[in-house]
Amino acid sequence: MGAGHHHQLYRQGDSPVHRLPPHCKLVAVLAFAVVVVATPRESFWAFGCYALLLAAVAVVARVPLGHVARRMVIEVPFVAFAVAIPFIGMGERTEVLGLSLSVQGLWAAWNILAKASLGVVASILLAATTEPRMILLGAQRLRLPSLLVQIAMFMLRYLDVIVEEMRRMRVARESRGFVARDVRQIPVIARSAGALFIRSYERGERVHLAMLSRGYNGSLPVIHEISGSGRQWVVALALPVTALAVLGASWW
Amino acid sequence: MVVNSLEVRELAYAYPDGTQALFGVDLTIGRGERVALLGPNGAGKTTLVMHLNGILTAGHGLVRVAGTEVRPGTLKEIRQRVGLVFQDPDDQLFMPTVRDDVAFGPANMGVKGEELERRVKNALDRVGMADRADRPPHHLSFGQRRRVAVATVLVMEPEILVLDEPSSNLDPAARRELAEILRSLDVTVLMVTHDLPYALELCERSLILSGGVIAADGPTRSLLADPALLAAHRLELPYGFAIPEGR
C-alpha cells in the first residue's frame, strides 16, 4: 500500500515553532504576507530584514536551509515569468551586460521575485512545522468555509488511495504491452484518466453513504478543541508585528 | 415484552431505473443473535442492507430497529442504532487519523471532551487497535483497517452491527483475528456474506436471500448440509470443505 507521500513538506520536530497552535501560525503567516506585499518595492533593506526574520524562524524551528531551498522549486514558473518582464517591458530602457532592458520591467520583476520568495518561504516554514491535518484543524478553528476545509481534508486522506489506484491501472496497461511512446498513445492515457475519475466519483458516493451512516449532517464535528493561550499568540504574532515595525521604519 | 433488534416486514424496493431488487423480504433478528445473510451476487443483499439504516427508503413494507420504525423522522436515531460496516474500509475510514475517524460518529451525536475520548479508547480496545490511534488509516494493513472500521461503528454503541462481506480480501490470519473480535462482542450481528465457512464459524442461524426474497431461514449447520438448497441459490461450499462434527 502507498506510504504517506504528503509528509514531504512536514518535518518531525519539537521546536517552539512546532508547538505553536496551528491557527496562530496560519494567522501569523497570512499577516506577514500582507505586510510584505504592502512594502514599497524601493525599500530594499526592508526586504532584507524580512528575509532575516524568516531565517531566524527557520533557525528556531531547526529547519535546514536545504529543506527550504529544495521546496522553493515550486516558485520556478513565477521566476521564469518575472525574468521575462524586463525584456518585454515598455518605456525607458537601460543597458545591462549589453542587453537592453526596460527599467519599469526590472522594477516589476524585482517586486514579484522578492515578494513571492518571501511568501513562499514563509509557507514552507509553516508546512515544515505543522502537520497537514493540523493546518486543516487550524483553518476549521479560524472558521474558514467548512466546505473548503472538508474538501482539503478528503484530498489529504484520499490522495494516496487515488495515486495507488493510478499505479495499479498503469501496471495493468503495461502488463498488456502498452508503452507510452508518443502522442498516439494519448487517447489510452486519457481513457485511463476518465476511468480514474469515474472510480473516484463512485468512491466519493460510497464515502458519503458511510458518513451519513454515522450521523453526518453537512459539517464536520469539532473533535479536537484547539486553543491558543495569550502567550502563544504573542509568540506567533511576533513575526508579522516585527515585519510591520520594519515597514513603518521604511516609511519614515 | 421482548423487543427484537431488527424486524423487516414485506420489504419491497425497485431502483429508480425500474429494476426491482427486493420482492417482499420478511425477517426478524432477536437481541444478541448473530445471523448470517447468505446469497449470491445480485441477490439484493446490499440493497437490503441500505434499507436497514434508511439510506434507501422502502418502496413497500417497513423496517423496525429495536421497535423504532425507519422513516425520515427517525433517521438520526436509527443511524445511531444500526452500525453499518462497509466492504471497503477505505470508504469507511475518511478522517486523517484512526482516532478522529472513530470519534466522527459520536461527535456528530454531540458527545465531546473526556466522554468522547473514553468511548474512542474503549472501541479501539475492543478491536485491539488502541495502540494505532494516531496513525493515518492508509498506514495500516487491510485487516487492521477493517478492524478500525468495526470500531467506528462500535463506538456508537449500536443495537445491531451489520457487516457487508466482512471476510473479503482478508488473509487467513486477519480473517481469524476478525472472527475472534466479532465473537467477543456483546452485540447483535447481521453478517452479509457468501463466505459459507465464515458464516458457519460465527453464526448459529442463517438466512438465504435469493431473487429478492428470503428463500430459507434456519440453523446455519443444516442449511449448509443441504446441497440441493445451496445449489438452487447459487451457493457452494469451497472445494474440500466438510462441515465439522458438532461443536
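Six bridges join β9(B) to β10(B), and the two strands run antiparallel. This is a predicted model: local features need pLDDT of at least 70, side-chain atom pairs count only at pLDDT 80 or more, and totals for chains, interfaces and linings use all residues. Residues are numbered from 1 along each chain as its sequence is written, while chains are lettered from A and ligands numbered from 1 in the order in which they are written. Helices (H or I, at least four residues) and strands (E, at least two) are DSSP runs, numbered from the N terminus.

**The sheet of chain B**

- Six strands of chain B form an open sheet with mixed pairing, in the order β6-β7-β8-β3-β9-β10. Two strands pair if DSSP finds at least two bridges between them.
- The edge strands are β6 and β10 (213–219) of chain B, each pairing on one side only.
- From one strand to the next, the twist averages 20 degrees. Axes are lines fitted to C-alpha atoms, for helices over the stretch in contact, and angles run from 0 to 180 degrees between N-to-C directions.

**Strand β9(B) and its neighbours**

- Five of the six residues of β9(B) are buried, so the strand is mostly covered. A residue is buried if 20 or more other C-beta atoms lie within 10 Å of its own, exposed if 12 or fewer, and partly exposed in between; C-beta atoms are placed from the backbone.
- β3 (34–38) and β9 (205–210) of chain B pair in the parallel sense over four bridges.
- In β9(B), B:S206 is the bridge partner of B:A36, and B:I208 is that of B:L38.
- Towards β10(B), B:L207 has B:D217 as its bridge partner.
- The hairpin of β9(B) and β10(B) has two residues between the strands, and B:G211 takes a positive phi near 60 degrees there.

**Helix α6(B)**

- α6 (142–154) of chain B has 13 residues and reaches 19 Å from its first C-alpha to its last. That is close to the 18 Å expected at 1.5 Å a residue, the expected span being 1.5 Å times one less than the number of residues.
- Eleven of the 13 residues of α6(B) are buried, including B:V148, B:V150 and B:L154.
- α6(B) lies across β6 and β7 of chain B, at about 165 degrees to β6(B).

**Contact between chains**

- In the interface, 26 residues of chain B are in contact with 24 residues of chain A. Contact requires C-beta atoms, placed from the backbone, within 7 Å.
- α2 (75–81), α3 (89–92) and α4 (98–108) of chain B each supply at least two residues of the side that touches chain A.
- α4(B) gives the largest share, six residues.
- The side of chain B that touches chain A has twelve nonpolar, nine polar and five charged residues. Ala, Val, Leu, Ile, Met, Phe, Trp, Tyr, Cys and Pro count as nonpolar, Asp, Glu, Lys and Arg as charged, and the others, Gly among them, as polar.

- Chain A is divided into domain 1 (16–139 + 226–250) and domain 2 (145–213), with bounds from an automatic or database domain assignment.
- Their C-alpha centres lie 34 Å apart.
- A:L247 sits in helix α10 (230–251) of chain A. A:L247 is partly exposed because 19 other C-beta atoms lie within 10 Å.

How values were computed:
Contact = placed C-beta atoms within 7 Å.
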